[in-house]
Amino acid sequence: MAELHKKSANDTHYWKAWVYRKKLYVESGIIGVNKNKEEIQLGLFENGKKRLERLVEEKRNQGFVDSMGPEELIIHIYNNGSWSHEDLQNASMELCKLIEKELDETGVGFTDGVGIGDDQMVNIFCMVDDLDIAVEKIRRVISMQKLIDNNDIFLYERNVEDINLLKTRG
């Protein structure tokens with residue numbers, strides 16, 4: 001898989017490509033704005049790896065550079081006691097699906113699962129390419145959910161010395 005980015009003054013363009021079986025898959029767009037998908041059928045004797053290498057070289061000539069890889073965000077949902085464990089679990093899974101949809105459709109990243117602890121806390125794990133845009137997109141999704149009225153929801157980014165929390169309630 002190849003993942004490249006190109007920053008401009010106002011946005012970041014991304015390009016991802018990989019070969020699977022006899023197809024070359026390409027995703028590209030502007031992080032946080034759009035995502036375009038393309039599926040290219042390879043010829044019978046065409047070497048997918050070589051075709052991918054040529055495309056990567058073309059993108060590098062256009063100013064794209066290798067991606068540093070995604071950052072992990074963890075959304076902590078603390079139950080204030082008004083939800084049963086089962087209700088919190090179901091609502092968190094639904095929230096995870098909505099966040100996944102938003103991150104995926106805008107090329108920001110993806111969710112990487114839900115960790116359900118005791119009756120007090122649930123974690124949603126996300127991998128994102130742009131922290132600021134991801135926070136904006138996640139905040140928007142969370143603000144439209146009923147969880148916000150009943151629980152404390154924080155966003156934690158691991159790679160920052162000071163814990164970066166986004167408290168959406170209270």
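Let's start in the largest nonpolar core, which has 23 residues; Ile-75, Ile-99, Leu-103, Ile-124, Cys-126 and Ile-138 touch the most other members. By nonpolar core I mean a set of buried Ala, Val, Leu, Ile, Met, Phe, Trp, Tyr and Cys residues joined through side-chain atoms within 4.5 Å. Buried is under 20% relative accessible area, exposed over 50%, and partly exposed in between, with a 1.4 Å probe and protein chains only.

Please keep in mind that this is a predicted model: local features need pLDDT of at least 70, side-chain atom pairs count only at pLDDT 80 or more, and totals for chains, interfaces and linings use all residues. Residues are numbered from 1 along each chain as its sequence is written, and side-chain values use heavy atoms, with hydrogens and water left out.

Back to that core: strand 6 (71–79), helix 2 (85–105), strand 8 (121–128) and helix 3 (131–143) each give two or more residues to it. Helices (H or I, at least four residues) and strands (E, at least two) are DSSP runs, numbered from the N terminus. Take Ile-99: leaving aside neighbours within four places in sequence, its contacts (heavy atoms within 4.5 Å) are Ile-75, Thr-111, Ile-124, Cys-126, Ile-138 and Val-141. There is also a second, separate core of 12 residues, with Leu-24, Val-26, Leu-42 and Leu-55 among them.

Leu-55 brings us to helix 1, where the buried residues are Gly-48, Leu-52, Leu-55, Val-56 and Lys-59. They sit on the same side of helix 1 because they cover an arc of only 105° around the axis, taken from the directions from the helix axis to the C-beta atoms. What covers them includes strand 1 (2–7), strand 2 (12–20) and strand 3 (23–30). And what does the face turned away from the buried side of helix 1 carry? There we find the exposed residues Lys-50 and Asn-61. Just after helix 1, Gly-63 has a positive phi of about 100°.

Five strands form an open sheet in the order 4-3-2-1-5, with antiparallel pairing; two strands pair if DSSP finds at least two bridges between them. Strand 4 (36–41) and strand 5 (65–66) are at the edges with a single partner strand each, so one side of each has no neighbour in the sheet. Strand 5 pairs with strand 1 over 2 bridges, and Asp-66 in strand 5 is the bridge partner of Leu-4.

Last stop, Met-121 in strand 8: at 26% relative accessibility, this residue counts as partly exposed. Not counting residues up to four places away in sequence, Met-121 touches His-76, Ile-77, Tyr-78 and Ile-116. Thanks, everyone!
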